[in-house]
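Here are my notes on the model you sent over. Have a look at it first, then read on.

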Amino acid sequence: MRPPLRIDSAELRLVRLPLVTPFTISTGTMHDKIFPLLTLRADGIEGYGEGVMDPLPDYLDEAIPGALALLSEVLLPSVIGRNFANPQAVQAELKPWRGYRMTLATLEMAFWDLWAKSLDLPLMTVLGGDAAGVEVGVSLGIAPVDVTLGRVADHLAQGYRRIKLKVKPGHDLGLLQAVRAEFPEAHLTVDANSCYTLADTALLQRMDDFALDYIEQPLAWDDIHDHAVLQQRLRTPICLDESIRTPADARKALQSDASRVMNIKVGRSGGYVESLRIHDLCAAFDVPVWCGGMLEGGIGRAHNIHLSTLPNFRKPGDVSSASRYFHRDIIEQKLETAAGLMPVPLAGPGIGVTLDRDFLDTMTLETRVFRA
Ligand code: OSB
Ligand code: MG
């Protein structure tokens with residue numbers, strides 16, 4: 001049996017990367033990607049986790065200020081100086097806490113990276129996955145229709161295997177008509193980020209005419225029930241994103257037929273232990289999953305790619321090329337797709353990427369250090 005890992009110290013940074021193109025969804029526009037980056041150290045090894053919460057609670061009810069406070073004042077002091085046999089032992093430590101799923105995930109993911117590195121294995125191997133590359137799609141923000149048509153053409157030409165269009169009231173059916181007319185064969189989906197209600201049922205039913213693979217999170221972020229009602233009135237499958245934060249959420253959505261496809265974001269769902277349960281539950285219901293994204297920097301993106309190697313990830317994920325988002329990333333490796341596939345990063349064990357420390361320093365807004 002291997003000895004447990006003792007977490008010696010941690011470093012929590014707040015990082016800002018300017019986006020190449022501002023990203024607009026139904027809830028607002030993002031110009032910079034701001035995220036907490038956590039390093040855990042044990043036996044001279046470092047594990048990394050990236051928080052996916054936004055500066056404001058506009059995607060879910062979690063945001064960076066609360067995440068930094070909980071990590072600094074509660075979570076990191078509770079694990080530093082202690083031994084953990086495996087990631088499940090860390091997850092057990094986090095289990096009592098309600099909510100803060102993105103904050104818990106940041107810590108749990110960093111420990112998985114550390115643990116895989118201590119075993120000298122790629123993260124995908126300890127998660128139970130295996131692949132050389134994973135299928136990628138692209139998520140296109142809200143923009144004028146002619147701009148979007150150009151972006152669709154460009155990304156199809158680059159080999160992206162699914163085009164997801166962000167929609168909002170007044171920027172939905174007309175957009176779909178224009179895109180379908182020009183790209184009749186494209187693998188197309190939409191993501192509403194919770195901007196409709198059941199009062200919009202007639203409008204959502206008209207989306208059935210556009211051969212969408214699924215409609216992502218049309219209704220409220222915290223409402224599985226209404227999605228089940230809506231699914232009975234739609235031919236197009238519903239895919240839940242925001243509403244799935246725990247395995248219990250996934251079980252309820254599957255049992256009530258509210259999500260015939262599921263978006264898994266490890267950074268949204270409390271970490272890998274819970275994401276693996278969601279993955280397995282979906283497989284049991286024969287519901288395919290795909291890996292969502294939150295415009296992550298290289299650490300979060302590397303995590304997402306390793307997760308996407310699990311067998312029930314049967315649809316292209318939002319794990320696009322880093323160069324779509326950033327002029328320069330905080331890791332040394334370039335995470336770029338080729339022919340619609342993202343290679344799994346394997347420049348070493350764990351998440352298989354290394355920090356570009358000089359550049360990271362220039363992009364760091366603040367740093368907090370924690371020792372036993
Ligand atoms: O709903 O999937 C979403 C980005 C930020 C917040 C929410 C979402 C998204 C995306 C972008 O769709 C996915 C990506 O390219 O990382
Ligand atoms: Mg989404």
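The points below go from the sheet to the metal site and then to a helix pair.

1. Ground rules. This is a predicted model, where local features need pLDDT of at least 70 and side-chain atom pairs count only at pLDDT 80 or more, while totals for chains, interfaces and linings use all residues. Residues are numbered from 1 along each chain as its sequence is written, chains are lettered from A and ligands numbered from 1 in the order in which they are written, and side-chain values use heavy atoms, with hydrogens and water left out.

2. The sheet. Seven strands make an open, parallel sheet, ordered β7-β8-β9-β10-β11-β12-β13. At the edges sit β7 (138-140) and β13 (289-291), each pairing on one side only. Helices (H or I, at least four residues) and strands (E, at least two) are DSSP runs, numbered from the N terminus, and two strands pair if DSSP finds at least two bridges between them.

3. Strand β9. I'd start with residues 188-191, since both faces are covered: L188 and V190 on one side, T189 and D191 on the other, are all buried (under 20% relative accessible area; exposed is over 50%, partly exposed in between, with a 1.4 Å probe and protein chains only).

4. Its neighbours. On to the pairing: β8 (163-166) runs parallel to β9 over four bridges, with L165 partnered by V190. The chain gets from β8 to β9 through helix α6 (173-182), in a right-handed β-α-β crossover (with the strands pointing away from the viewer, the path from the first strand over the helix to the second runs clockwise). Two bridges link β9 to β10 (215-216), again parallel, and V190 has I215 as its bridge partner there. With helix α7 (201-206), β9 and β10 form a right-handed β-α-β unit.

5. The magnesium ion. Which residues coordinate ligand 2? They are D191 (OD), E216 (OE) and D241 (OD), at 2.1 to 2.3 Å; donors are N, O and S atoms within 2.8 Å of the metal (3.2 Å for Na, K and Ca), and with water not among the atoms, sites may look incomplete. Along the chain the donor spacing reads D-x24-E-x24-D. E216 is in β10 and D241 in the loop between β11 (238-240) and α9 (247-255), so the pair ties together parts 25 residues apart in sequence. Both E216 and D241 are buried, and D191 stands opposite E216 in β10.
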